[in-house]
Amino acid sequence: MAETSAPPVYPDLGKLARDLFKRGYHPGIWQIDCKTLTSSGIEFFTTGFASQDNSKVTGSLQSKYKIEDQGLTLTERWNTENWLFGEIMQRDKLAQGLMLAVEAKFQPGSNEADGKFKMGYAQENFNFLADIGLNSEPILNCSLVLGHKEFLGGVGTEFDIGNTELKSWKVALGWTNETATLHGELKNGDTWLASLFYKANEKIDVGVEVTKGAGGGEAPADGAPPPEEQQGGDLIVGLGMIYHLEEDALIRAKINNVVELGLGYEQKLREGITASISTVLDCNNIKDGNHRLGVGVALQC
C-alpha cells in the first residue's frame with residue numbers, strides 16, 4: 001500500500017477486536033503452520049489441519065515471490081482439494097497507492113476454473129477496493145473507506161452484473177486512536193455488529209463484541225474447517241482479553257452470553273517455534289457438553 005496514512009481496506013475495519021476473539025483459538029483441530037524464505041527470495045507458507053472429529057486432514061502450500069523493481073508479487077497456491085491458485089499483483093508502480101491484480105483458480109480433476117480482476121486505490125483520506133469475476137456470471141464487489149482524523153466510515157456492495165441485482169450491502173462507522181478502536185457495522189438491514197478494542201497497557205488487551213445474525217467473522221483459513229454458524233436472529237455478547245505474561249508467552253480468554261468459555265495459552269519455545277493450546281468449553285453442560293480442544297504449532301525459518 002502507498003506510504004501514506006491511508007485508512008484500512010473495508011475487510012480490516014474492526015480487525016483488532018475480531019482477532020482478539022478468533023485468532024489463536026482453533027477448537028476441534030490440530031494445526032501446523034510453516035513459513036520459510038529461501039536465499040533466492042521465494043517465500044513458502046504451508047498450513048495443515050486435522051479434524052479431531054473425523055480425522056480428516058486438509059492443508060495448502062503457498063509460494064510468493066516479489067520482483068521489487070517492477071512492483072510485482074507472484075503468488076501460487078495448492079490445497080488438498082486439488083485446487084490450483086495463482087495471482088499476479090502490481091502495487092504502487094503505475095501510480096502511488098494503486099494496486100492491480102489478476103487471480104485465477106483451476107481444478108484439474110473437474111476442469112473447473114474461475115478468476116477475478118482486482119483493483120485498489122488508497123490515498124490519505126480514502127481506500128477503495130474492488131474485484132470482478134472473470135466468468136459468464138460476474139459478481140462485482142466494491143468497497144470504500146473514508147477517514148477523517150480519528151473517524152472512519154465505510155460502505156461495501158456485492159452486485160450481480162448479469163442479473164443487474166444488488167445481492168448485498170454493508171455500511172460501517174468507526175473511531176480509533178492509539179489505545180482504543182470502536183467499530184459498528186450493518187449488513188443488509190438485518191444483521192449488525194458492534195465491537196470495542198482497548199489496550200489497557202502494554203500487557204493487557206481487552207475487547208467487547210456484540211453481534212446479531214451472522215456476525216462479522218472472517219472466512220476460515222484455506223483448508224480449515226468452517227466455523228460453527230450462529231443461529232439466525234441470536235444476539236451474542238462476548239468479552240475477551242489477552243494478557244502478556246512475559247516477552248514470549250501470553251494467555252487468552254473469552255466468554256459470551258451463551259456461556260461458552262474460551263481459554264488459550266501461547267508460548268514461544270525458541271526462535272522460530274511457537275506452540276499454542278486452546279479450548280472452548282460449554283459451561284451450560286460441563287459433564288456432557290461439546291467441549292473442544294485445539295493445538296497449534298507455528299514454525300518459521
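Q: How many salt bridges does the count come to in this predicted model?
A: The model is predicted. A pair is counted when a side-chain nitrogen of Lys or Arg is within 4 Å of a carboxyl oxygen of Asp or Glu. By this rule the count is 8 salt bridges.

Q: What separates K15 and D19 along helix α1?
A: The side chains of K15 and D19 form a salt bridge, with N to O at 2.6 Å. Both belong to helix α1 (residues 15-22) and are 4 residues apart, so the separation is about one helical turn.

Q: Which strands hold K116 and D131?
A: K116 and D131 form a salt bridge whose closest N and O atoms are 4.0 Å apart. The pair ties together parts 15 residues apart in sequence, because K116 lies in strand β7 and D131 in strand β8.

Q: Is D205 buried or exposed?
A: D205 forms a salt bridge with K199, the closest N and O atoms being 3.1 Å apart. K199 is partly exposed, with a relative accessible area of 32%. For D205 the relative accessible area is 9%, under the 20% cut-off, so D205 is buried.

Q: How many contacts beyond near neighbours in sequence does the stretch 215-223 have in the model?
A: The mean pLDDT of the protein chain is 91. Over residues 215-223, however, the pLDDT is below 50. Where pLDDT is low, the predicted coordinates should not be read in detail. Beyond near neighbours in sequence, the number of contacts of residues 215-223 in the model is 24.

Methods
Residues are numbered from 1 along each chain as its sequence is written. This is a predicted model: local features need pLDDT of at least 70, side-chain atom pairs count only at pLDDT 80 or more; totals for chains, interfaces and linings use all residues. Side-chain values use heavy atoms; hydrogens and water are left out. pLDDT is the predictor's confidence in each residue, from 0 to 100. Contact means heavy atoms within 4.5 Å. Helices (H or I, at least four residues) and strands (E, at least two) are DSSP runs, numbered from the N terminus. Buried means under 20% relative accessible area, exposed over 50%, partly exposed in between (1.4 Å probe, protein chains only).
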